Amino acid sequence: MTALKGKVALVTGAASGIGFACARRFASEGATVVGMDLNPCDDWEDVTASSSASELILADVTNAQAHLDIVNTAISKHGSIDILLTAAGVGEAGPVNMLDEAAWDRIIDINLKGTFLAIKAALEPMLEKRSGSIITVASVEGINGTEGGSAYNASKGGVALLTKNVAIDYGKVGIRCNCICPGFIETPMFSQVLDQLPDFKTDIQRQIKLGRFGQPEEIASAALFLASDDASYMTGQNLVVDGGYTAGHSHGITEMLGLV
């Protein structure tokens, strides 16, 4: 598979979850992947098995200089950055009156500021080439609010709107920017939060029209489309991949009618 043959992709949050699934999928499609994460990845050989030049660099996404250093490393080793995917993120629950300032700052810094810094650093080489595909990762919770998700939802809503602004500002120089808004995907962060709330988890699954939680690989498939030339006329969009969670409400009528 060669949809990204010869491309260089920078992926933040590449050590686990959605970021890792995207890094692995990009590599399998021919891209050289430069991953960025605060933590190492025991399975990174799954990426290098497809693209031996790919590497994971340990760095903090809230550090502006770290982004510049990684971009410079990618360019010096591989010549360009064609794709940026920003998957680094954290989740922490709490309504406003129960959320302390430090927790708010941490979530906004990683999820929103980290996305801004990654885009800012990658734009310079993309502007020189007058081409590039930027893919941000927000959430359905950045489109519709959820109980107790004030800081997380605010950060992801910011990512979704920042995406549109980047698309507006840089489209005419050949740089596309789109956002993936995943639903409830079975990642380590998903388990950390929802495994502690089994009743809430069951209720969420009931509202997913396909009847199941998503897998990171399903988000990676959407990311591959946005990164590839197949999405050449697509920019400024929030692509929701949520199994129908945000399609509307279910109240048991289909069950009553015997449709399921």
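## Salt bridges, a helix pair and a surface patch

Glu218 is partly exposed, at 33% relative accessible area. This is a predicted model, and in it Glu218 pairs with Arg212 in a salt bridge whose closest N and O atoms sit 2.7 Å apart. Arg212 is partly exposed too, with a relative accessible area of 39%.

That pair is one of seven salt bridges in the structure. Here are three of them, including the one just described:

| Salt bridge | Closest N and O atoms |
|---|---|
| Arg212 with Glu218 | 2.7 Å |
| Glu217 with Arg24 | 2.8 Å |
| Glu29 with Arg25 | 3.8 Å |

Take the bridge between Glu217 and Arg24. Glu217 belongs to helix α8 (residues 216-227) and Arg24 to helix α1 (residues 17-28), so this bridge ties together parts that are 193 residues apart in sequence. Glu217 is partly exposed at 38% relative accessibility, and Arg24 is partly exposed at 26%.

Now for some helix packing. Helix α3 (residues 64-78) meets helix α4 (residues 101-129) at about 35°, and their axes are 9 Å apart. On the α3 side, the contact involves Ala64, His67, Leu68, Val71 and Ile75; α4 brings in Gly114, Leu117, Ala118, Ala121, Ala122 and Pro125. The crossing of the two helices is right-handed.

Finally, the surface. Ile253, Met256, Leu257, Leu259 and Val260 make up a nonpolar patch there, and together they have about 610 Å² of accessible area. Leu257 sits in the segment after α9 (253-256) and is exposed, with a relative accessible area of 55%.

Methods:
Residues numbered from 1 in each chain as written. Predicted model: local features only at pLDDT ≥ 70, side-chain atom pairs only at ≥ 80, totals over all residues. Heavy atoms only, no water. Patch = residues over 30% accessible without salt bridge, like charges linked within 9 Å, V, L, I, M, F, W, Y side chains within 5 Å. Areas by Shrake-Rupley, 256 points an atom, 1.4 Å probe, with all protein chains shown as cover. Salt bridge = Lys/Arg side-chain N within 4 Å of Asp/Glu carboxyl O. Helix = DSSP H or I, 4+ residues; strand = E, 2+ residues; numbered from the N terminus. Buried < 20%, exposed > 50% of the residue type's maximum accessible area, 1.4 Å probe, protein only. Axes fitted to C-alpha atoms, helices over the stretch in contact; angles between N-to-C directions. Left-handed = near helix turned anticlockwise from the far one by under 90°. Contact = heavy atoms within 4.5 Å.
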